Amino acid sequence: MDNARKAGRVVVLGSASQDLYMEMERHPTTGETVMSGDIVQRFGGKGGNQAVAAARAGAETLFVGRLGDDAPGRTYLDRLVGHGVDVTRVVFEPDVPTGTALIMLNAERDNMIVVAPGANHHVNEGQVAALQDLGPADVLLMPMELPLDVTAAAIMAAAGQGTRVILNLAPYAPLSQEVLDACFLIIVNEKENELMEGDGLRAPEVLVTLGTDGSRWNQLVVPAQQVDAVDTTGAGDAYCGALAAALVAGTDRREAMVAATASSAATVQHLGAQPDPKWD
């Protein structure tokens, strides 16, 4: 086992989607039609975003997921490789499209997002079984855009192998208390935290992202960096990926949160959830 492997990996089991951006003066209300600019294709999906952020933060990063066996899927795979992400456990799903997200940005740069999961919802427990080589040095980072049974099975399997599991409970869906208890850390925004508590669910370690007010891990608070946001899409994913990378590298909680905050601040200063592989 080489030194890099001893240092641990960030393993992301999650979604990957093409993002179709539409810019408009304001978001439509129910039954209303508004005009937008041209559609621009970018790359997203919370799993893909978090894997890119972890790799850019310097962690050995493995992405596990499914793409459609189509042009967007092949292009996405090449993009992950360009960011230094290990894609050896990505599966191409025949006859199913790559996941797609429609992102509407208003003049204030706030977003509304609709997701068609496509191949992401074909991730199955067979891919979970392929994670049997995870160990205590690794971190399994998971958002919530895969089938819930797969998510729960992966958490329990990884925790049983001594792996630290970071669950980004977004988009929010209730999991059992047993599954949440198996996680090393739950990351939520303020609304997701309210929903979790409203369902009577608790976790011993909860990190709440607070937007422009920073983030709070239990009682530890780190302020946000004040920047001019261009696009807030993917800010939370950049935070999660960079935090996981810092924890794998052995940093303490505050230092990890500071690194994650910087990653999130950098992300909102460019269009799209992911930077170009050559972007500085």
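**Ground rules.** I number residues from 1 along each chain as its sequence is written, and my side-chain values use heavy atoms, with hydrogens and water left out. Since the model is predicted, local features need pLDDT of at least 70 and side-chain atom pairs count only at pLDDT 80 or more, while totals for chains, interfaces and linings use all residues.

**Entry 1, the sheet.** I began with the strands (DSSP runs of E, at least two residues; helices are runs of H or I, at least four residues, and both are numbered from the N terminus). I found an open sheet of nine strands with mixed pairing, in the order E5-E4-E1-E8-E9-E10-E11-E12-E13. Pairing here asks for at least two DSSP bridges between two strands. E5 (86-93) and E13 (220-222) are the edge strands, each pairing on one side only. From one strand to the next the twist averages 15°.

I then looked at E10 (residues 185-189) and E11 (residues 206-209), which pair in the parallel sense over four bridges. Ile 186 stands opposite Val 206 in E11. Helix H7 (residues 190-198) packs on the sheet and touches E10 and E11, its direction making about 115° with that of E10. Contact means heavy atoms within 4.5 Å; angles run from 0 to 180 degrees between N-to-C directions, and axes are lines fitted to C-alpha atoms, for helices over the stretch in contact.

I traced H8 across E1, E8, E9, E10, E11 and E12, running at about 170° to E9. Which helix did I pair it with? The axes of H8 (residues 235-248) and H9 (residues 253-267) come within 7 Å and cross at roughly 145°. Among the residues making this contact are Tyr 239 and Leu 243 of H8, and Met 257 and Ser 263 of H9. By class I noted eleven nonpolar, four polar and no charged residues; Ala, Val, Leu, Ile, Met, Phe, Trp, Tyr, Cys and Pro count as nonpolar, Asp, Glu, Lys and Arg as charged, and the others, Gly among them, as polar.

How many aromatic pairs does the structure hold? I have two, with ring centres required to lie within 6.5 Å (six-membered ring for Trp) and planes under 30 degrees apart called stacked, over 60 edge-to-face, the rest tilted. Phe 43 and Tyr 76 are edge-to-face, because their planes are at 85°, with centres 5.5 Å apart. Phe 43 sits in E3 and Tyr 76 in H3, 33 residues apart. Tyr 76 is buried at 0% relative accessible area (buried means under 20%, exposed over 50%, partly exposed in between, with a 1.4 Å probe and protein chains only). Phe 43 is buried too, at 13%.

The rings of Phe 184 and Trp 217 are 6.3 Å apart between centres, with planes at 85°, so I logged edge-to-face. Phe 184 is partly exposed at 25%, whereas Trp 217 is buried at 1%.
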